[in-house]
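Good morning, colleagues. Please take a moment with the sequence and the structure, and then I shall go through the charged pairs and a few other features.

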Amino acid sequence: MEVQRSEGGPRTIRKHLEVYVGNIPTAITEIEILQLFAGFEAQNVRKFVAGVKCFAFVDVGSERNVQLAVSQLNSTLYQGRKLRVNTADPDFSDKRRSADKDTPKTQATPTGAGNFVRMEKAAQASDSSAASLAPDPRKPSKDQSAPLSGVTVREDRRRFVYAVPTEMRGCTLVHVLRDCFRELVWLQSITELCGEVGLLLTETHPQTPFFWAIHLSEGAHADMLRLFTALAEEEEESRQPFLTKNDVYRGKRCLAELIQTEGEEGAWNRAWVQDVVGMFAVVFFVDFGTTATIPVMSLRALEDEAFWKIPPLAQPFMLEQDILSPRKLIRAVIKGNVTGSCVSEPHIRRLALSPQQD
């Protein structure tokens, strides 16, 4: 069978720093693969297509990133496919297996305030950026029921382990808050949300339990009105200059145009640069939990501290029992009871839907 190599100039191949990723769509681009591995400092991609099969080797820069990428991405779902992620260098795999025999098991991660200290230390140590790819819906399984009220799908969740989306992880949000808002208070404050709530969906990860939403409260309404009014005035006056290529780098806070649904007019919103790939930037919209790939030259400056005094509007949630429907949902209002936190990420609140939406 003929194997086709993706186009591109000669590249230095460092097998011991590469990750193999298989079972990916043949139509996937190298930029999308870099986005998938951006949280592990991906640098280069070698993509191969053999008939209907597609795989790639991704250089992640260090043996530590190789180990992290394999442990966090292997067997996760991407566009309905279960990824096969492994080390590309057999010698490195043998060394890891040998070392693991003498490595004691780590204890379960504690919840509570101590976890935020751990998350900040992890962010400082790894300096990992999130790339985020809201996964596309996978094909419904045979025993899966139809979506109920367009919100949730019930299925036997024991069959799947849902990886926390990269942009929801504490170590990523520490970077966002430090770079954009210069403080981490918000990360602790959102863990205090509990009881009956109404939520406005801003971003969903189809057929997983995870989503972003704005808690509909008087305070949130005031913050939205103040922020969006100020941003609209800036847009109308065109006071913020466009950035040059040299001005855009990982960790940069800026203005970017967000288009949430196809065909609608975009709006300028606060954003954080997760990564830069060639002439494109992967940006995270801090008030929506949405990630997008945008031309670098279309980003605008937003350094006035007044725009960053308002904390992020949306926060991460997960459904307690169900998973989200195959279609992406935004601007829908759901109601339920916040019952606690995700075990591994205490800032992600667990939501039990109200009976009428169950």
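Predicted model: local features only at pLDDT ≥ 70, side-chain atom pairs only at ≥ 80, totals over all residues.

**Salt bridges and their surroundings**

K252, R253, E303 and E305 are joined in a network of salt bridges.

R253 forms a salt bridge with E305, and their closest N and O atoms are 2.6 Å apart. R253 belongs to strand β11, while E305 sits in the loop between β15 (300–301) and β16 (315–319), so the pair ties together parts that are 52 residues apart in sequence. R253 is buried, at 3% relative accessible area, whereas E305 is partly exposed, at 34%.

Now to K252. This residue is located in the loop between α7 (218–237) and β11 (253–258). Is K252 buried or exposed? Its relative accessibility is 12%, and because the limit for burial is under 20%, K252 counts as buried. Leaving aside residues up to four places away in sequence, K252 touches L243, D247, A271, W272, V273 and E303.

The structure as a whole holds 9 salt bridges. Another of them is formed by D59 and R14, with 2.9 Å between the closest N and O atoms. D59 lies in strand β4 (residues 53–59) and R14 in the loop between β1 (3–5) and β2 (18–22); the pair therefore ties together parts 45 residues apart in sequence. D59 is buried, with a relative accessible area of 2%, and R14 is partly exposed, at 28%.

A further salt bridge links D223 with R226, the closest N and O atoms being 3.3 Å apart. Both residues are in helix α7, 3 residues apart, which means that about one helical turn separates them. D223 is buried, with a relative accessible area of 18%.

Just after α2, S75 adopts a positive phi of about 75°.

Finally, the overall figures. The protein has 7 helices and 19 strands. Of its 358 residues, 48% are buried. Among contacts with a separation of 6 or more, 70% are between residues 24 or more positions apart. The protein exposes about 17600 Å², of which carbon and sulfur atoms supply 52%.

Key. Residues numbered from 1 in each chain as written. Heavy atoms only, no water. Helix = DSSP H or I, 4+ residues; strand = E, 2+ residues; numbered from the N terminus. Buried < 20%, exposed > 50% of the residue type's maximum accessible area, 1.4 Å probe, protein only. Contact = heavy atoms within 4.5 Å. Areas by Shrake-Rupley, 256 points an atom, 1.4 Å probe, with all protein chains shown as cover. Salt bridge = Lys/Arg side-chain N within 4 Å of Asp/Glu carboxyl O.
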